[in-house]
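These are my notes from one sitting with the model. I went through helices, strands and cores in the order in which I looked them up.

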Amino acid sequence: MGRRTYTYSMTSGRNGSGAVRKPRVLVVHPRLTCMGGGNLMAAWTLEALRADFEVTFATLEPLDYTALNVSFGTSLQDGDFKTRLTPPRYQRLLQSLPIQGALLEICVMMRWAQDLDSQERYDIVYSTCNEMDFHRRGLQYVNYPWFYLPRPQIEMSWFHRIPGVLGMYRRSCLALGRATPTGLRRNLMLANSEFVVEKIKRAHGTGAHIIHPPVPGDFVDLPFEHRRLAVAAVGRVHPTKRWDMAVDIVESVRRRGHNLELTLIGHGDNAAYGRRLEAMAATRPWFRWLRDLSRAQLLVELAQHRYGIHPMQEEHFGIAPAELQRAGCIPFVHNSGGQVEIVGGDARLTFDSVEDAAEKITRVIENRALQKQLCAQVADRRNWFTAERFCDSVREIVTEFAQPEIATRITA
């Protein structure tokens, strides 16, 4: 897909020169690290905007461009945009509090964005980390609305379970962020899936525009019959991903007479859970765990597998199953969350239990006609989630949003 270009015919209105300029966009994200789908989306948002817009990136810590580019396939470099780190007083505040959490960091960034916008008067303020109150209308990409209650059990820490603590924590964060519920929902909402749009409607009473996250890379197109009889699983190694369930599923398929193998590709994110998986791999020669692969190595490895699996419950979108599909694997996903949308809601590719998954995988292994049908479906859907498609959508939304925002500021 060729890259679209965007041109602007607008004057500054500030210096009276009439010079054509790019819209000034403040992108806000707490910590942009090289792990996780939300960070991948944020990195590609910067990639999408850096050429056509004058971008400032507000964040808590400096960026490691090399690590981001290796992990996410971007080509970001110092000088593409300005970076504004939170001032020391906000850093000290975060370090001094007894309770740490993602919401706390979001609200600190919200406050920092308000300060920056009052000083610089950006044309657009854009959160890539869920809802923020900018004290004016902006853009926000919602991976999962933090204002939604009840919170998923996988997010709950010990202090959340103390009566009254969660409510007090959320009220304190709102106060720190100088935010109101009205301010959070005044922005144009962007979301990663229909699943998350429904959560936004329940939390805020408003809809959202879907922009599916990017799945970047030049995926290897290896014919299905040349691939290993193996299933790939991709993602951080954490109990919420339920990779032990993937092991149980493959084991069940093997008991049915098929020498299916399993490859887990992911960074360790929980030491105890990592040790548990290592113990499982030690007694199962058909199960291997690959760590710290570059983006290029990941794409080559995925192309060697016929199948993919993602057993997490209520995944917000699921970059990993989209990667599996783009790699030409037939993906099997848990019957919940946004990942069901990636496979088009096909009941042949969704499962509710270990035995349900094993039965469906076995059926495909044993039925050549079904294999061909599903391979054709994968080929049809594999380019739905490309980085090019994401970048074009982001630029289009920001461009359309910029026109009335800039017009309002010029005449103010």
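I began with helix H2 (residues 65-72), where Tyr65, Leu68, Asn69, Ser71 and Phe72 are buried. I take buried as under 20% relative accessible area, exposed as over 50% and partly exposed as in between, with a 1.4 Å probe and protein chains only. Helices (H or I, at least four residues) and strands (E, at least two) are DSSP runs numbered from the N terminus. The cover over the buried residues of H2 includes helix H1 (37-49), strand E3 (82-85) and helix H10 (295-302). Gly73 follows H2 and has a positive phi, near 80°.

A note on the source: this is a predicted model, in which local features need pLDDT of at least 70 and side-chain atom pairs count only at pLDDT 80 or more, while totals for chains, interfaces and linings use all residues. Residues are numbered from 1 along each chain as its sequence is written, and side-chain values use heavy atoms, with hydrogens and water left out.

Next I looked up helix H3 (residues 88-96) and helix H4 (residues 102-120), which pack at about 165° with axes 11 Å apart. Axes are lines fitted to C-alpha atoms, for helices over the stretch in contact, and angles run from 0 to 180 degrees between N-to-C directions. H3 is therefore roughly antiparallel to H4, a label for angles over 145 degrees. I listed the contacts (heavy atoms within 4.5 Å): Arg89, Tyr90 and Leu94 of H3 meet Leu104, Glu105, Val108, Arg111, Trp112 and Asp115 of H4.

Which residues touch the most other members of the largest nonpolar core? I found Leu49, Tyr126 and Val398, in a core of 51 residues. Such a core is a set of buried Ala, Val, Leu, Ile, Met, Phe, Trp, Tyr and Cys residues joined through side-chain atoms within 4.5 Å. Leaving out residues up to four places away in sequence, Leu49 touches Val25, Val27, Val55, Tyr126, Val394, Arg395 and Val398. Another core, of 36 residues, lies apart from it, with Met245, Val250, Phe351 and Val378 among them.

Strand E1 (residues 24-28) pairs with E4 in the parallel sense over 4 bridges; pairing requires at least two DSSP bridges between two strands. Val27 stands opposite Tyr126. E4 also pairs in the parallel sense with strand E5 (residues 139-142), over 2 bridges, and there Ser127 stands opposite Gln140.

I then traced an open sheet of 6 strands, with parallel pairing and the order E10-E9-E8-E11-E12-E13. Strands E10 (287-290) and E13 (350-351) are its edges, each pairing on one side only. Strand E8 (residues 228-234) and strand E9 (residues 261-265) share 5 bridges in the parallel sense, with Ala232 partnered by Thr263. Helix H9 (residues 271-282) lies across E9 and E10, at about 140° to E10. Helix H14 (residues 368-381) lies across strand E11 (305-310) and strand E12 (330-334), at about 85° to E12.

Is Trp243 buried or exposed? Trp243, in helix H8 (residues 243-255), counts as buried because its relative accessibility is 1%. Its contacts, beyond four places in sequence, include Leu264, Tyr273, Leu277 and Ile309.

How values were computed:
Angles under 35 degrees count as roughly parallel, over 145 as roughly antiparallel, 65 to 115 as roughly perpendicular and the rest as oblique.
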